[in-house]
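Keep the structure open beside the text.

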Amino acid sequence: MPDSVTADIKKALLVLLKERDIRQITMKEIAGHANVSRGTLYLYYEDKFSIFEDIAEEMKEGLSQALYDSLKNKDYLNLNRKWQKVHPTLSFVDQHRSFFHTMMDRDKMPYLNFHRFFRDVFHQDVMLSPINANLTPIEQDIYGHYRALYTYAIILYWLKEDPAASAEDVSQQVWDLISQKRFYWLFGNPAAVKQKEEKHTDRRIVRTRQALQEALLELIVEKKEYAAVTISDITRKSNIRRATFYDHYANKEELLKTMIHQSCSELVEMFTITANPETYSMAEAEMALVRLFSALSDQMSIMHFLDTDYGIPDLIPEIFRALESFYLHQQVDIHAGKKLYAYYVAAMVIGLILYRLHEGKEHAPEVLAREFLQFLDVKKYKVILL
């Protein structure tokens, strides 16, 4: 496959993605922008998604190599001396902004699993890095999820909240943040803005909505595709009339969004405490995480669709927004900036949840809680990477 032809094709797609959603882009347009015939285009790629997959794989390899090259002569990242003014990850992102802008835009790339993208990079990095991390198998798995999400969050913060900042400026903010990282950042007080108290809901309404929600979840599992589920399917499964469905929800999207918001509220409650977070002990933090891990197994059924291929839209972004809002309202003194802290901790929590729902199923909640909290103790682990 000639490098020049495929390079032109990939560049053409990225240019088009700056303007609109990948679903609105045709292969004919890509061929025109790349100055190749449609026949030539189809010799190399079967569709537009395979082009982007090729771009993503190229970026994974490039980022992995950049990280390896930058660290091969170092024992660890020295946070105090700050031997690197620009972090290698952020330097790579700066060089490939067009790709990362597209990847971070969920409207333009709703199908891209950004968590999997970074996890693949960092899984290889943990396995192959010349750094002597001395991580156990459990720690390696936790670290892959944890690091993938907080890296995504930092890049998202940069491109969305502070795009004019240089890679060096953002690197400095990151150094400042992770050098003072504390486990109690996970916890906070109820949001300052009080929610309006919900009026008492009739029990029949509660039962009806619960039945519709359970039906949707079961159907997604059966069909393995959210888009394949119809309102008729939901009403048959729940044994509820179609007219009754519309009394409660305008469409299945509204039903799904309601379920996601409920799960987000339940998740935030898991990290809400009445005491001052700074006085929270490690033992209390461990117990809180045990409760979270247990709840993920027994409750919060919508969470089990995280990181799956069922095509459920906006699940991770919605959870991220809910957590970010929660942390943004906390009274904490963060030198690196409140917004970066909120992005970072919100993503860290999601990474933890994803690990629990997948590789971490076989481990007891107590084991996972204890292992995860070790990563929030900078003194124990000198390997703090982005």
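Thr235 sits in helix H11 of what is a predicted model. Its relative accessibility is 9%, so Thr235 counts as buried, the cut-off being under 20%. What does Thr235 touch, once its neighbours within four places in sequence are set aside? The partners are Ile240, Arg241, Arg242 and Phe245.

Step just past the end of H11 and you land on Asn239, with a positive phi of about 60°. Asn239 isn't a glycine, yet it takes that positive phi anyway. It belongs to the loop between H11 and H12. Is Asn239 buried or exposed? With 72% relative accessibility, against a cut-off of over 50%, Asn239 counts as exposed.

Asn35 lies in the loop between helix H2 (27–34) and helix H3 (38–44). Asn35 is exposed too, with a relative accessible area of 72%.

**Two helix pairs**

Now for how helices meet. Helix H8 (residues 137–161) packs with helix H9 (residues 167–179) at an angle of about 135°, the axes being 11 Å apart. Why call this pair oblique? Roughly antiparallel needs an angle over 145° and roughly perpendicular stops at 115°, and the angle of about 135° falls between those limits, so H8 and H9 are oblique to each other. The crossing of H8 past H9 is right-handed. On the H8 side the contact uses Ile154, Tyr157 and Trp158, and on the H9 side Ala167, Val170, Gln173 and Val174. Sorted by class, that contact has six nonpolar residues, one polar and no charged ones.

Helix H15 (residues 315–328) and helix H16 (residues 338–357) make the other pair. Their axes come within 8 Å and cross at roughly 130°. That angle makes H15 oblique to H16. This crossing is right-handed as well. From H15, the residues involved are Ile316, Ile319, Phe320, Leu323, Glu324, Tyr327 and Leu328. Among those they meet in H16 are Lys338, Lys339, Tyr341, Val345, Val349, Ile350 and Leu354. By class, the contact of H15 with H16 has 15 nonpolar residues, no polar ones and three charged.

Here are the two pairs again in brief:

| Helix pair | Angle | Axes |
|---|---|---|
| H8 and H9 | about 135° | 11 Å apart |
| H15 and H16 | roughly 130° | within 8 Å |

**Reaching along the sequence**

Phe114 and Leu149 are 35 residues apart in sequence, with 8.5 Å from C-alpha to C-alpha.

**The chain overall**

Zooming out, how many helices and strands does the protein chain have? There are 17 helices and zero strands. Of the 386 residues in the chain, 51% are buried. Take the contacts with a separation of 6 or more: residues 24 or more positions apart account for 72% of them. The chain exposes about 19,100 Å², and carbon and sulfur atoms supply 47% of that area.

Technical notes:
Residues are numbered from 1 along each chain as its sequence is written. This is a predicted model: local features need pLDDT of at least 70, side-chain atom pairs count only at pLDDT 80 or more; totals for chains, interfaces and linings use all residues. Side-chain values use heavy atoms; hydrogens and water are left out. Axes are lines fitted to C-alpha atoms, for helices over the stretch in contact, and angles run from 0 to 180 degrees between N-to-C directions. Helices (H or I, at least four residues) and strands (E, at least two) are DSSP runs, numbered from the N terminus. Angles under 35 degrees count as roughly parallel, over 145 as roughly antiparallel, 65 to 115 as roughly perpendicular and the rest as oblique. A crossing is left-handed if the near helix is turned anticlockwise from the far one by less than a right angle, and right-handed if clockwise. Contact means heavy atoms within 4.5 Å. Ala, Val, Leu, Ile, Met, Phe, Trp, Tyr, Cys and Pro count as nonpolar, Asp, Glu, Lys and Arg as charged, and the others, Gly among them, as polar. Buried means under 20% relative accessible area, exposed over 50%, partly exposed in between (1.4 Å probe, protein chains only). Accessible areas come from the Shrake-Rupley method with a 1.4 Å probe; for residues, only the protein chains shown count as cover.
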